[in-house]
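Biologist: I'm new to this one and would like a quick tour. Can you put it on screen?

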Amino acid sequence: MSTFVDSVDTALHLITSLDADLMTIVGRSLSVSATACVLACSLGLLLGAWLGVARFVGRSVLLTLLNTMLAVPSVVVGLVIYLLLSRSGPLGFLGWLFSFKAMVVAQTLLVLPVATALTRQAIEDAENLHGEQLQSLGASPLMRSLLLAWDERYALLTVVIASFGRAISEVGAVMIVGGNVDGFTRVMTTAIALETSKGDLPLALGLGIVLLSVVLVLNMLITLLSRWRVAHEATSLSAPAQVTVVV
């Protein structure tokens, strides 16, 4: 018990003193996940919005593949990217293996199905409620998807936050393609795994506390945003309609 207490005490000291090694790892982890989230959501929100409105042959098959991608283990994604970026792979000429870029690619491919699937569900629900009205006004499927995406922007913001949470907590793929190189590709999740195996519990605990804090803040943001959205919609519905009388 004393060892655990001492480790926690040392971990808290590392955090409060802004230990250089810990802050470097945290900063790199946030940078990789933020970059991957921006790339994945930029494409995923658009693709998901279009899938929520468009109807075409093979759509059910495409949605099945999309939902399957949600359950693909991260280590499998990491292995595929490793083979693509290795020297003998088709993208080996890029020289991205064991680099920041490789980790961004891995997390982007992991987050993209999440952002696309969640967006598609939100837009499809909105399409079922308002799509017929927009269609009667002559809006094309692309225009309807954009209008509904704007109307559901607060729900899509929740999708972005959830996507970042998925990226920041990933370990398998970035371990494979990043190599966990100290000072270059070591992020919070891979560092926790390494330091635990080395027996350096204070640093592992410190990183774990920071990671849990980030995830907690993200979940709080999602909860607050959901509550604010419900309250905002309730206020909009209860507000009396303004009638202009022309004399």
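Biologist: Is aspartate 182 buried or exposed?
Modeller: Aspartate 182 is exposed, at 55% relative accessibility. Exposed means over 50% relative accessible area, buried means under 20%, and partly exposed is in between (1.4 Å probe, protein chains only). This is a predicted model, where local features need pLDDT of at least 70, side-chain atom pairs count only at pLDDT 80 or more, and totals for chains, interfaces and linings use all residues. Residues are numbered from 1 along each chain as its sequence is written, and side-chain values use heavy atoms, with hydrogens and water left out.

Biologist: What does aspartate 182 form a salt bridge with?
Modeller: With arginine 186, and their closest N and O atoms are 3.7 Å apart. A salt bridge here is a side-chain nitrogen of Lys or Arg within 4 Å of a carboxyl oxygen of Asp or Glu. Arginine 186 is buried, with a relative accessible area of 10%.

Biologist: Why would such side chains pair?
Modeller: Side chains of opposite charge can pair when their charged atoms come close.

Biologist: Which residues are linked with Asp182 and Arg186 in a network?
Modeller: Glu195 and Lys198. The side chains of glutamate 195 and lysine 198 meet in a salt bridge of 3.6 Å, N to O. The two are three residues apart in helix H9 (residues 188–198), so about one helical turn separates them. Helices are DSSP runs (H or I, at least four residues), as are strands (E, at least two), and they are numbered from the N terminus.

Biologist: Are glutamate 195 and lysine 198 buried or exposed?
Modeller: Glutamate 195 is buried at 4% relative accessible area. Lysine 198 is exposed at 56%.

Biologist: How many salt bridges are there in the whole structure?
Modeller: Six. One of them joins the side chains of glutamate 127 and arginine 144, at 3.3 Å from N to O.

Biologist: What does arginine 144 touch?
Modeller: Leaving out residues up to four places away in sequence, arginine 144 touches Val53, Glu127, Gly131, Leu134, Gln135 and Ala139. Contact means heavy atoms within 4.5 Å. Its own relative accessibility is 6%.

Biologist: Which residues of H6 are buried?
Modeller: In H6, residues 141–151, they are Arg144, Ser145, Leu148 and Ala149. Seen down the axis of H6, these buried residues fall within an arc of 130 degrees, so they line one face of the helix. The arc is that of the directions from the helix axis to the C-beta atoms.

Biologist: What covers them?
Modeller: The cover includes helix H2 (20–53), helix H5 (100–136) and helix H7 (153–168).

Biologist: And which exposed residues are on the face turned away?
Modeller: Leu142 and Trp150. Leu142 is also part of a nonpolar surface patch of about 720 Å², made with Leu43, Leu46, Leu47, Trp50, Phe56, Leu62 and Leu146. Patches are made of residues with over 30% relative accessible area and no salt bridge; like charges are joined within 9 Å, and nonpolar side chains (Val, Leu, Ile, Met, Phe, Trp, Tyr) within 5 Å. Accessible areas come from the Shrake-Rupley method with a 1.4 Å probe, and for residues only the protein chains shown count as cover.

Biologist: Which element gives the most to that patch?
Modeller: H2, with four residues. Leucine 46 is found in H2, and it is exposed at 56% relative accessible area.

Biologist: New topic. Where does H5 bend?
Modeller: At histidine 130, by about 60 degrees. The bend is the angle between axes fitted to the seven residues ending at a residue and the seven starting there. Just after H5, glycine 138 takes a positive phi of about 95 degrees.

Biologist: Which residue other than glycine has a positive phi?
Modeller: Asparagine 180 has one, near 55 degrees. Most residues other than glycine have a negative phi. Asparagine 180 is in the loop between helix H8 (172–178) and H9, and it is buried at 9% relative accessibility. Leucine 18 also has a positive phi, about 55 degrees, although it is not a glycine. Leucine 18 sits in the loop between helix H1 (2–16) and H2. At 56% relative accessibility, leucine 18 is exposed.
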